[in-house]
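Biologist: Hi! Could you walk me through this one while I have it open?

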Amino acid sequence: MKMPSRRNVIQRDEFYMTVPNPYGQLNSTLLDASGLNMQASFRLADLPQAVADALSAQVGAGGSHGSFILLGNGGNAFWDNLPEAAWQQAHPLDTHSIQCVKEYLLAEWPGVSYQVLYPGELPVGLQSLGRVVGWHSDSPLKLGINPVFGLWYAYRALIWIETILPTTTPVSFDAPCAACADKPCISACPANALSGDVKQLNTCIDYRLTDRSSCKSTCLARKRCPIAKQHQYSEQQLNYQYQQSFETLLSWRS
């Protein structure tokens with residue numbers, strides 16, 4: 001896979017030179033430097049029953065005897081630190097996420113058994129887990145929105161590890177969209193897919209797949225969100241990720 005043009009590599013978002021990151025709860029220099037700067041750990045007993053049951057079905061009976069680690073990236077640091085070797089793989093972002101996980105576990109818990117649940121073949125309720133650990137609230141786009149990173153964050157890995165870790169403290173915050181009176185994301189959507197109470201997913205998809213679409217390799221509504229603009233993904237990252245999703249939709253519709 002050809003590596004997209006990217007900005008110069010940085011170790012941390014400049015934002016964190018002055019403002020603490022409330023989501024770096026594992027205090028890992030290795031994870032932070034890789035751009036996996038959102039971290040949480042929990043056990044099945046910490047989760048709502050429905051969420052716990054879904055995870056337990058994947059890890060089996062041993063799930064209650066270990067802990068889970070949820071990792072994500074906020075802002076641009078993860079993308080900016082992707083090594084060139086990752087772009088030789090079919091799924092560079094997932095490949096690099098798993099590599100970072102392996103390095104972290106080897107450094108912190110050498111020899112301890114673990115299972116990577118995401119990225120993986122089976123679906124994982126990441127949005128439900130994100131609610132539990134305080135990573136997001138709802139937005140009109142039906143993307144979770146974070147008070148520090150806005151819409152510019154992503155879930156990168158979920159790991160089960162066969163050891164008991166302290167449960168991190170969920171981050172509490174006021175929902176950013178509740179205080180946004182103008183909601184420019186709604187008016188910026190050329191498909192009017194956000195005009196109702198619920199995002200009209202098929203309307204969004206239909207428009208993206210038309211020849212006249214201006215959303216094939218970006219999301220105009222997402223870019224208009226005023227929350228955490230300093231963390232907005234670069235045009236290169238937006239174009240890459242939305243082009244990937246566009247090709248997936250095109251294949252699905254075909």
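This is a predicted model: local features need pLDDT of at least 70, side-chain atom pairs count only at pLDDT 80 or more; totals for chains, interfaces and linings use all residues.

Biologist: Where do Phe42 and Phe68 lie?

Modeller: Phe42 is in strand E1 (residues 38-42) and Phe68 is in strand E2 (residues 67-74), so their pairing ties together parts that are 26 residues apart in sequence. Both Phe42 and Phe68 are buried.

Biologist: Back to the tyrosine. How are the rings of Trp79 and Tyr240 arranged?

Modeller: Their planes are at 50 degrees and their centres 5.6 Å apart, so the pair is tilted. Trp79 belongs to helix H3 (residues 77-80) and Tyr240 to helix H9 (residues 235-253), so the pair ties together parts that are 161 residues apart in sequence. Trp79 counts as buried too, at 1% relative accessibility.

Biologist: Nice. Which residues do ring pairs link into a cluster?

Modeller: That cluster consists of Trp79, Trp87 and Tyr240.

Biologist: New topic: where does Pro92 lie?

Modeller: Pro92 is part of helix H4 (residues 92-108). With a relative accessible area of 0%, Pro92 is buried.

Biologist: And how many residues apart in sequence are Pro92 and Leu82?

Modeller: They are 10 residues apart in sequence, and in space 8.2 Å from C-alpha to C-alpha.

How values were computed: Residues are numbered from 1 along each chain as its sequence is written. Side-chain values use heavy atoms; hydrogens and water are left out. Helices (H or I, at least four residues) and strands (E, at least two) are DSSP runs, numbered from the N terminus. Buried means under 20% relative accessible area, exposed over 50%, partly exposed in between (1.4 Å probe, protein chains only). Rings of Phe, Tyr and Trp (its six-membered ring) pair if their centres lie within 6.5 Å; planes under 30 degrees apart count as stacked, over 60 as edge-to-face and the rest as tilted.
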